[in-house]
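Subject: Handover of a structure and the findings from it

Dear colleague,

Please find below the structure that I am handing over to you. My findings follow it, with the criteria stated where each term is used.

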Amino acid sequence: MDGEKGFKSIVMSGSRHIIFILLLFAALLGLGLTLFMSVSYGAKDLTMGTVWSAVMHYDAELTAHQIVHEIRLPRVLGAAITGMAFAVAGAIMQGVTRNPMADTGILGINAGSTFMVALCFAFLPNLSYSALMAISFAGAAMTTVFIVLLGSLTPGGLNSIRLTIAGAVVAAILQSLSTGIAIYFALSQDLAFWYAGGVAGVTWSHLKLLVPIILIATIWACMMGRSISFLSLGDESATNLGVRASRVRFLGMTAAVVLAGASVSVAGSIGFVGLIVPHIARRLVGADYRKIIMLSAILGSILLVWADFAARMVNPPREFAIGAMVAMVGVPFFLYLARKERSDL
Amino acid sequence: MDGKAIFLLRRKRTIRVAIILLGVALTVILISLNTGTIRLSPTSVLKALIGYGTAEESMILYEYRLPRIIITMLAGAGLGIAGAVFQGVSRNTLADPGILGINAGAAFGLIAYISFFRSLDGPAALMIPLFTFAGGAVIALVIFLFAYDRYRGLLPIRLILVGIAVSAGVSAMTLLLSLRLDEDTYAFAARWLAGSVWSRDWVNVWGLFPWIVVLIPIIYYRSATLDLFTLGDETAASLGSAVTRSRLILLALAVALSCASVSMAGGIGFIGLAAPHIAKRLVGPQHRHFLPIAAMTGLVILVAADTIGRSLFHPNAVPAGVVVAAVGGPYFLYLLFTTK
């Protein structure tokens with residue numbers, strides 16, 4: 001990024017405030033509509049009115065209300081909240097590593113979580129969900145530390161392209177091992193989970209734990225947004241502007257690890273959300289990470305709810321892996337980015 | 001010491017290394033034959049081979065063990081050579097059919113085959129390599145187009161980056177297609193992608209065999225061209241090599257070789273990466289020396305990985321691809337961080 005221009009767009013963003021607020025409203029409206037639509041349509045189509053009354057005055061006697069409350073709603077909310085988490089984690093990683101291709105999926109952080117979750121499913125099948133989530137965090141954190149260490153131990157440092165390749169290979173190894181565990185312990189009925197994730201199994205008890213953690217981490221990330229913006233200009237500029245670069249980087253990565261770990265524990269590894277969404281957000285609101293993170297959160301929710309909806313509707317009654325759905329959009333986007341990244345190659 | 005002396009010295013070394021590797025390969029193969037639900041000791045294998053074994057021993061050897069191990073050997077050798085050609089042609093020491101997404105394309109071809117023929121058995125299995133080759137070739141073309149710069153030629157690092165992305169996308173499409181068939185096919189596709197040696201019939205051997213015995217000599221015949229590529233495009237052109245044309249030919253040969261290999265053995269990555277590197281360490285950079293060694297190294301790695309996956313985790317099996325990735329992946333990282 002061009003340092004001076006980026007700095008201007010961060011500091012002198014007053015004139016863009018109104019546009020940003022309008023965008024945020026439009027995105028929220030879009031999210032609301034998406035949620036409604038996704039809850040309404042499925043194996044049994046419901047009217048908007050039924051959905052509304054099921055949410056507002058729940059009546060346990062009615063089948064339609066039960067469908068909404070027990071099946072559709074947790075699943076759709078799960079997609080929304082994990083989409084938010086992956087997108088925000090991607091935005092943070094792109095900011096603090098100054099790598100436009102950073103994404104918790106591509107860097108192997110999701111794969112670290114998946115691997116640990118796979119181990120748990122194999123060896124401790126009756127673990128409580130909160131313990132599973134903690135282990136998922138541990139997996140994400142270990143991979144992150146590993147990749148950061150690899151980067152810092154390499155003589156001459158690691159440019160963004162090499163970091164991306166290293167992450168992809170770490171992800172490939174871990175994914176391969178996870179699949180091996182799944183096949184060996186005959187967990188292969190959940191093979192789709194190991195391959196591409198899914199939110200079909202989300203329940204209210206998951207959400208009770210997920211929603212607060214992800215919301216808190218997202219708000220925390222927004223509060224760090226200003227420092228992340230400065231960091232994205234380069235370490236020296238950030239230091240001149242009074243930001244402690246390594247501290248912000250550490251805190252930012254911690255937030256990303258929490259977000260990725262939490263969502264992987266329930267939905268499996270879903271790549272490309274964290275890659276695409278921050279780019280779209282950046283294009284819409286400029287280089288200010290406070291805005292990028294906020295908008296990414298909403299757009300990520302929309303994207304994943306849509307992806308989950310498509311995964312349900314492609315070939316009913318079978319479900320299709322949601323991650324594969326996202327990959328179909330994400331891959332062309334990634335190729336476009338790789339083609340644009342000329343300077344580094 | 002002049003060039004000829006160095007050449008002779010290298011050749012001597014190559015022959016020595018080849019003999020040692022042959023011994024290692026034979027040992028691994030015998031161990032592999034000796035593992036499984038019913039064990040066959042080396043002596044009974046020998047007896048059965050020359051026709052003096054018991055009926056039961058011969059049956060196990062000829063109907064179960066031999067086809068599988070021959071497929072593993074052929075696929076390992078094919079992948080080793082294919083990886084060497086990819087690395088030579090792209091001048092990228094990190095090129096590997098798995099990482100480049102060729103395997104993912106081959107998987108797509110395989111699933112297209114299943115949706116067409118509805119079965120993996122029978123004489124139609126001879127056609128499987130054709131389908132995987134078609135899938136792999138399309139992907140190779142896409143990657144090549146994306147990584148090709150009109151002014152600077154093939155960009156090595158971008159090649160890998162594009163390959164990673166394309167393979168993710170194609171795997172998604174494969175799973176989509178396989179889910180449209182039925183749950184079993186979906187599970188098969190997922191296992192295939194993890195690299196499990198699935199084929200164990202003679203018809204599969206006959207499907208793979210011609211590709212290997214035809215393609216490897218053709219590639220070996222072109223080893224001088226591969227040597228020229230390592231000098232860089234301009235030098236190669238000035239030494240009289242039609243760079244773009246021979247690059248495309250070699251690339252097509254390598255794609256065919258790796259697609260045929262994985263068609264019967266599953267999407268196994270990292271062998272195409274590791275085998276040529278080890279071979280180069282052993283006998284130096286000249287292709288006419290290290291190509292055969294790379295083939296033998298690939299063979300040893302895959303047979304060993306398959307044996308470990310079958311025996312160490314008995315009674316269940318872990319796909320050979322997982323064993324290879326567990327060892328080959330860290331090796332890739334090591335190479336990534338030590339090469340410039």
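Helices (H or I, at least four residues) and strands (E, at least two) are taken as DSSP runs and numbered from the N terminus. On that basis, chain A reads α-α-α-α-α-α-α-α-α-α-α-α-α-α along its sequence, with 14 helices and zero strands.

The model is predicted: local features need pLDDT of at least 70 and side-chain atom pairs count only at pLDDT 80 or more, whereas totals for chains, interfaces and linings use all residues. Residues are numbered from 1 along each chain as its sequence is written, chains are lettered from A and ligands numbered from 1 in the order in which they are written, and side-chain values use heavy atoms, with hydrogens and water left out.

Chain A

Of the 345 residues of chain A, 56% count as buried; buried means under 20% relative accessible area, exposed over 50%, and partly exposed in between (1.4 Å probe, protein chains only). Chain A exposes about 14,300 Å², with 68% of it supplied by carbon and sulfur atoms. Such areas come from the Shrake-Rupley method with a 1.4 Å probe, and for residues only the protein chains shown count as cover. Among the contacts in chain A (heavy atoms within 4.5 Å) with a separation of 6 or more, 77% are between residues 24 or more positions apart.

Helix α11 of chain A (residues 245–267) has 23 residues and spans 32 Å from its first C-alpha to its last, close to the 33 Å expected; the expected span is 1.5 Å times one less than the number of residues. Just after α11(A), A:G268 takes a positive phi of about 75 degrees.

Salt bridges

A salt bridge is a side-chain nitrogen of Lys or Arg within 4 Å of a carboxyl oxygen of Asp or Glu. Over all chains, the count by this rule is four.

In chain A, the side chains of A:R75 and A:D308 form one at 2.8 Å, N to O. This pair links distant parts of the chain, 233 residues apart: A:R75 is in helix α4 (residues 63–97) and A:D308 in helix α13 (residues 289–313). Both A:R75 and A:D308 are buried.

In chain B, B:D306 forms a salt bridge with B:R68, with the closest N and O atoms 2.8 Å apart. Because B:D306 lies in helix α13 (residues 287–311) and B:R68 in helix α3 (residues 55–90), the pair ties together parts that are 238 residues apart in sequence. The relative accessible area is 4% for B:D306 and 14% for B:R68. B:R310 also forms a salt bridge with B:D306, at 3.7 Å between the closest N and O atoms.

The interface

Chain A and chain B bury about 4,000 Å² between them, 75% of it on carbon and sulfur atoms; buried area is the accessible area (1.4 Å probe) that two parts lose on being put together, summed over both. The contact takes 41 residues from chain A and 50 residues from chain B. Zero salt bridges are found across this interface. On the side of chain A that touches chain B, α6 (129–153), α7 (160–184), α8 (191–196) and α14 (322–340) each supply at least two residues. The largest share of that side, 15 residues, comes from α7(A).

With kind regards
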